[in-house]
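Hello,

Here is the structure I promised to pass on. Please open it alongside this note, and read the points below against it.

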Amino acid sequence: MPLDHPTPPRPQDDAARPRGADTFTWSMFATYALWGWVLYMFGPASQLLGTERGLTDTLTGLHGTAMAVGTVIAGLVMPRLVPAVGRRRTLLLSAALIAVGLSVFVVSPSFVLGLAAVVVMSVGGSLALGAGTAGLVLHLGPRGAATALATGNGLGTVAGVVGPLALGAAVGIGFGWRAALVTSVPLAAAAAVLWSRTVPREPAPRGAGGRHDGAHGRLALGADAWLMLLATVSGTAIEFATTFWAASLLRESTGASAGVAAGSTAGLVAGMAVSRLTSGPATRRWGAAPLVAVAFGVAGIGWAVLWTAGTPVVAIAGLVVCGLGVGLLFPLGSALFLAAARGPADSAASVVTVAAGVAIGVVPFALGALADLVGVHAAFLVVPGFVVAGLAGVLLGARRAS
């Protein structure tokens, strides 16, 4: 039976909030787990589809652009959708869109129809993440949510570790990438059942005042918020450039087989999972901003190892190190932005969603187009630029906020 609370979950004072997660928090964590499974499997799967159909790197990169379009659409509709229909119905809709989009993508004989299916799938995934993120912020408070956002993203990356491995195994034994990707459909159905039983029927929770006031008011962003958004977008760009094109880089630079290259993404995701799941004590002690600055440096070191690697083993080691840094960039960057923004939490979360969607759309596509001209190895030189931009954003943003 669905849980019918007299009132929706409300944020508590960060200092008084217990560290253990309650039922609602775990339910929001499921949004990250579902989308992590889909997302980190989809990147290498799109590369295999491109090879299967003889697509150029530019055309293959359009799958990332289609995902970004869906992310932007979700970000634009979320501030009105959640207050209108409630968090639970928004989450149920997101699960349905993920299942439908994936099903059409897997069976579609048409490149254009496949891109449309990716848009639908991405709208669903981004709605789930946005609703889950804002739900945690409203339930725990903007400061208390920083650790929860890292944990939720960590659980998503744990699911994402298994996804690429399952994809690589399916390809290696002859089942093909479609058999692995279609497993996401029953997982979406299971998530829908969970949300129907644990998320209140009432509209989105309202905050207890202060900088985040639930579903009402207007969003206001100062210079510190914009700088934190720059850091978050830069981290997203690094993550998705690597997720979408690391497999191709391994094949070009190290001569790895298709199965090994597809499964190598698990190294990146494993590093992300470790940093996200273990960052809680450090976040509480030193704060999110210093950790994000360090994380950009670690991501840059991992990129350097990956880019200079001549064997698959060294390249995968570089992916793991890169993942240790990348893992903290989006969740803690988002937490810093949400803490700096003034206004409705769902509106602030939608800004992050739209900005991340633009990065997801532009960066993989641009890297693919550049790879057609100079090769994947040379094209990967765009990543250090995002490391520098993101580091500058978090350092300047923290100085403005202090």
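A residue counts as exposed when its relative accessible area is over 50%, as buried when under 20%, and as partly exposed in between. Keep those cut-offs in mind for what follows. Note also that this is a predicted model.

Start with Arg399. Its relative accessible area is 63%, so Arg399 is exposed. Arg399 sits in helix H16.

H16 spans residues 382-401, and it pairs with helix H8, residues 223-254. The two axes come within 8 Å and cross at roughly 155°. Angles over 145 degrees count as roughly antiparallel, so H8 and H16 are roughly antiparallel to each other. The crossing of H8 past H16 is left-handed.

Next, helix H1. H1 covers residues 23-53 and packs with helix H7, residues 184-198. Here the angle is about 165° and the axes are 10 Å apart. H1 and H7 are therefore roughly antiparallel to each other. Their crossing is left-handed.

Two residues of H1 deserve a look. One is Tyr40, which is found in this helix. Is Tyr40 buried or exposed? Its relative accessible area is 4%, so Tyr40 is buried. The C-alpha atoms of Tyr40 and Thr265 are separated by 7.6 Å. Along the chain, that pair is 225 residues apart.

The other is Glu52. Which residue forms a salt bridge with Glu52? The partner is Arg178, and the closest N and O atoms are 2.9 Å apart. The pair links distant parts of the chain, with Arg178 in helix H6 (residues 177-181) and Glu52 in helix H1. They are 126 residues apart. Side chains of opposite charge can pair when their charged atoms come close. The cut-off used is 4 Å between a side-chain nitrogen of Lys or Arg and a carboxyl oxygen of Asp or Glu. By this rule the count comes to one salt bridge.

How accessible are the two partners? Arg178 has a relative accessible area of 28%, so it is partly exposed. Glu52, at 45%, also counts as partly exposed.

Last, the surface. Val69, Ile73, Leu76 and Val77 make a nonpolar surface patch of about 320 Å². Ile73 lies in helix H2, which runs over residues 57-85. With a relative accessible area of 35%, Ile73 is partly exposed. Residues join such a patch with over 30% relative accessible area and no salt bridge, so a partly exposed Ile73 at 35% clears the area cut-off.

Over to you.

Best wishes

How values were computed
Residues are numbered from 1 along each chain as its sequence is written. This is a predicted model: local features need pLDDT of at least 70, side-chain atom pairs count only at pLDDT 80 or more; totals for chains, interfaces and linings use all residues. Side-chain values use heavy atoms; hydrogens and water are left out. Patches are made of residues with over 30% relative accessible area and no salt bridge: like charges are joined within 9 Å, nonpolar side chains (Val, Leu, Ile, Met, Phe, Trp, Tyr) within 5 Å. Accessible areas come from the Shrake-Rupley method with a 1.4 Å probe; for residues, only the protein chains shown count as cover. Helices (H or I, at least four residues) and strands (E, at least two) are DSSP runs, numbered from the N terminus. Buried means under 20% relative accessible area, exposed over 50%, partly exposed in between (1.4 Å probe, protein chains only). Axes are lines fitted to C-alpha atoms, for helices over the stretch in contact, and angles run from 0 to 180 degrees between N-to-C directions. Angles under 35 degrees count as roughly parallel, over 145 as roughly antiparallel, 65 to 115 as roughly perpendicular and the rest as oblique. A crossing is left-handed if the near helix is turned anticlockwise from the far one by less than a right angle, and right-handed if clockwise.
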